[in-house]
Amino acid sequence: MNDYLNIALPKGRLGEKVYSLFESIGYGCPELLDGGRKLIFENAENKVRYFWAKPSDVAIYVERGAADIGVVGKDILLEYSPDVYELCDLGFGKCKMAVAGKKGLRLPTDRTLRVATKFSHIAWDYYSKQSRDIEIIKLNGSIEIAPLLDLSDVIVDIVETGATLRENGLVPFETICDISARLVANKAAYKFKSESIDRLLKYTTEFVSENTK
Ligand code: PRP
């Protein structure tokens, strides 16, 4: 049981892409592609066990050791600072964390800036470095609605293609940072399973550098 490598994958398109990377470097688990609602899969041959977790929960599984390694967006690492090792940038899921708002917006000078976001910590950090007073309006999704309904002045959110902003008449004002998927490891597992984690890391970085040339 303990000689298995336990891998938490983010459910969805990113996770499927990451799984095909792992499959192509020798960590396949054919059952995983069967579809259905099953969430845990293992392959006794190469001693690998995969879990499909909600993307924002992957870091929790890894931090607490329920998974040895996992794949997490840099946005989650910046927002929650989980106590895990960040092993490498997978170069997938590239997007930006940005400030956006209505075209032509004049930022208020006589009152606190209202910022709607799922990423309170990232927003606080960004504005506190500019000594800008803000009020955070914490939302869980569809953040783009907030400035349209005057719930906020701006949003801090992920921009990938820019389509959601465009189709809602919003524009990006500033980029806070670049985001992409990261391979992370549980700290204790990295010590006790160093050989197998290092092997997977080596194959992964080779694959990533081959495919980003
Ligand atoms: C994310 C993000 C933006 C959108 C950006 O939302 O919060 O709304 O994707 O992508 P785009 O630039 O390619 O349009 P997600 O789909 O995760 O849903 P959410 O509204 O529930 O956060």
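Because the model is predicted, local features need pLDDT of at least 70 and side-chain atom pairs count only at pLDDT 80 or more, while totals for chains, interfaces and linings use all residues. Residues are numbered from 1 along each chain as its sequence is written, and side-chain values use heavy atoms, with hydrogens and water left out.

**The shell around the ligand.** The residues that surround the ligand are K118, G141, S142, E144, D157, I158, V159, E160, T161, G162, A163 and T164, a residue being near a molecule or strand if one of its heavy atoms lies within 4 Å of it. At least two residues of this shell are supplied by β9 (154–159), and at least two by α6 (163–167), with β9 giving the largest share, three residues. Helices (H or I, at least four residues) and strands (E, at least two) are DSSP runs, numbered from the N terminus. The largest pocket is the space taken by the ligand.

**E135 in strand β8 and S120 in helix α4.** E135 belongs to strand β8, which covers residues 134–138, and S120 belongs to helix α4, which covers residues 120–128. Their C-alpha atoms are separated by 9.8 Å, with the two residues 15 apart along the chain. E135 counts as partly exposed because its relative accessibility is 41%, whereas S120, with a relative accessible area of 15%, is buried; buried means under 20% relative accessible area, exposed over 50%, and partly exposed in between (1.4 Å probe, protein chains only). When neighbours within four places in sequence are left aside, E135 is in contact with T112, L113, R114 and V115, contact meaning heavy atoms within 4.5 Å. With the corresponding neighbours left aside, S120 is in contact with E79, I136 and K138.

**F22 in helix α1.** F22 is found in helix α1, residues 13–24, and it counts as buried because its relative accessible area is 0%. Leaving aside neighbours within four places in sequence, its contacts are I7, L9, Y27, G28, Y50, V71, L183, L200 and T204. F22 and F207 are 185 residues apart in sequence, yet their C-alpha atoms are 9.4 Å apart in space.

R49 lies in strand β3 and is buried, since its relative accessible area is 7%. Between the C-alpha atoms of R49 and A67 there are 9.1 Å, while these residues are 18 apart along the chain. K47 is placed in the loop between β2 (40–43) and β3 (48–53), and although K47 is not a glycine, it has a positive phi of about 55°. With a relative accessible area of 34%, K47 is partly exposed.

**The loop that holds S81.** S81 is found between α3 (74–80) and β5 (85–89), in the loop that lies there.

Eight helices and 11 strands are present in the protein chain, whose C-alpha atoms fill a box of roughly 65 × 35 × 30 Å, taken along the principal axes. Of the 213 residues in the protein chain, 46% are buried. Among contacts in the protein chain with a separation of 6 or more, 67% are accounted for by residues 24 or more positions apart. The protein chain exposes about 11700 Å², of which carbon and sulfur atoms supply 50%.

Definitions and conventions
On a 1 Å grid over the protein atoms alone, a cavity is a set of points where a 1.4 Å probe fits but cannot get out, and a pocket is an open set with protein on both sides within 12 Å along at least five of seven lines; lining residues have an atom within 4 Å of a point. A molecule sits in a cavity or pocket if more than half of its atoms lie within 2 Å of its grid points. Accessible areas come from the Shrake-Rupley method with a 1.4 Å probe; for residues, only the protein chains shown count as cover.
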